[in-house]
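The following paragraphs lead the reader through one protein model, element by element. Please keep the sequence and the three-dimensional view at hand while reading.

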Amino acid sequence: MKVSEILKAKGPAVKTVRRDETALDLAEKLRAERIGAAIVSMDGRTIDGIVSERDVAYALAAHSSRLPTVLVETLMTKVVVVCSPDDTVNEVMSVMTRERIRHLPVKDGEELVGIISIGDVTKHRLDEVQLEAEVLRDYARVRR
């Protein structure tokens, strides 16, 4: 299974924040959208960074009561690991595990076309395993 199939099922919507927004703005967006990360982008098409709920939690320790006014550009990860629609689920699982990340923006060439989470990957992998198990059960029934 490929990343493109995950995006087909979940849709290409990507939630973004601008680097000049505050941590409070970010937290409100994450809560309202019920998501764990947002792409930092000034135009909605390019990737300036990525910022997650983990970044907010770590920033609380670093910035304390000033956190609500800290800018997203201070919190964001600037070097962003991305994947392609043609990457396989196994490849992105490996990247997520190795890099210890839970969200991967999806780029087709230079264009941001989606974002996948570890939850998306796990769901699709479980669906794949369940289908394989059903095929094996059907095969076993026929062979009796």
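Which exposed residues does the face of H2 turned away from its buried side carry? That face carries Arg31 and Ala32. Here, buried means under 20% relative accessible area, exposed means over 50%, and partly exposed lies in between, with a 1.4 Å probe and protein chains only. Helices (H or I, at least four residues) and strands (E, at least two) are DSSP runs, numbered from the N terminus. The model is predicted: local features need pLDDT of at least 70, side-chain atom pairs count only at pLDDT 80 or more, and totals for chains, interfaces and linings use all residues. Residues are numbered from 1 along each chain as its sequence is written, and side-chain values use heavy atoms, with hydrogens and water left out.

The buried residues of H2 are Ala23, Leu26 and Leu30. They cover an arc of only 60° around the axis, and therefore they lie on the same side of H2; the arc is that of the directions from the helix axis to the C-beta atoms. The cover over these buried residues includes S1, S2, S3, H3 and H4, where contact means heavy atoms within 4.5 Å. After H2 comes Arg34, with a positive phi near 55°.

Helix H3 spans residues 53-63, and its residues Asp55, Val56, Ala59 and His63 are buried. Seen down the axis of H3, these buried residues fall within an arc of 95°, so they line one face of the helix. On the face turned away from that buried side, H3 carries the exposed residues Tyr58, Leu60 and Ala61. The packing partners of the buried residues of H3 are helix H2 (23-33), strand S3 (49-52) and helix H4 (72-75).

The loop between H3 and H4 contains Ser64. The phi of Ser64 is positive, about 50°, although Ser64 is not a glycine. Most residues other than glycine have a negative phi. Ser64 counts as partly exposed because its relative accessibility is 46%. Another such residue is Arg100, which has a positive phi near 55° and is not a glycine. Arg100 is located in the loop between helix H5 (89-99) and S4, and it counts as exposed because its relative accessibility is 67%.

Three strands form an open sheet in the order S1-S2-S3, with mixed pairing; two strands pair if DSSP finds at least two bridges between them. Strand S1 (16-17) and S3 are the edge strands, each pairing on one side only. S2 (residues 37-40) and S3 run antiparallel and are joined by four bridges. Within this pair, Ile39 stands opposite Ile50 of S3, and Ala38 has Val51 of S3 as its bridge partner. In S3, Gly49 and Val51 point one way, Ile50 and Ser52 point the other way, and all are buried.

Leaving aside residues up to four places away in sequence, Glu21 touches Lys29, Val70, Leu71 and Val72.

The bridge partner of Lys107 in S5 is Leu112. S4 and S5 form a hairpin with two residues between them, and Gly109 in the turn has a positive phi of about 70°.

Finally, two helices cross. The axes of H1 (residues 3-10) and H6 (residues 118-143) come within 11 Å and cross at roughly 100°; axes are lines fitted to C-alpha atoms, for helices over the stretch in contact, and angles run from 0 to 180 degrees between N-to-C directions. H1 is therefore roughly perpendicular to H6, a term for angles of 65 to 115 degrees, whereas angles under 35 count as roughly parallel, over 145 as roughly antiparallel and the rest as oblique. Glu5, Ile6, Ala9 and Lys10 of H1 make the contact with Asp120, Val121 and His124 of H6.
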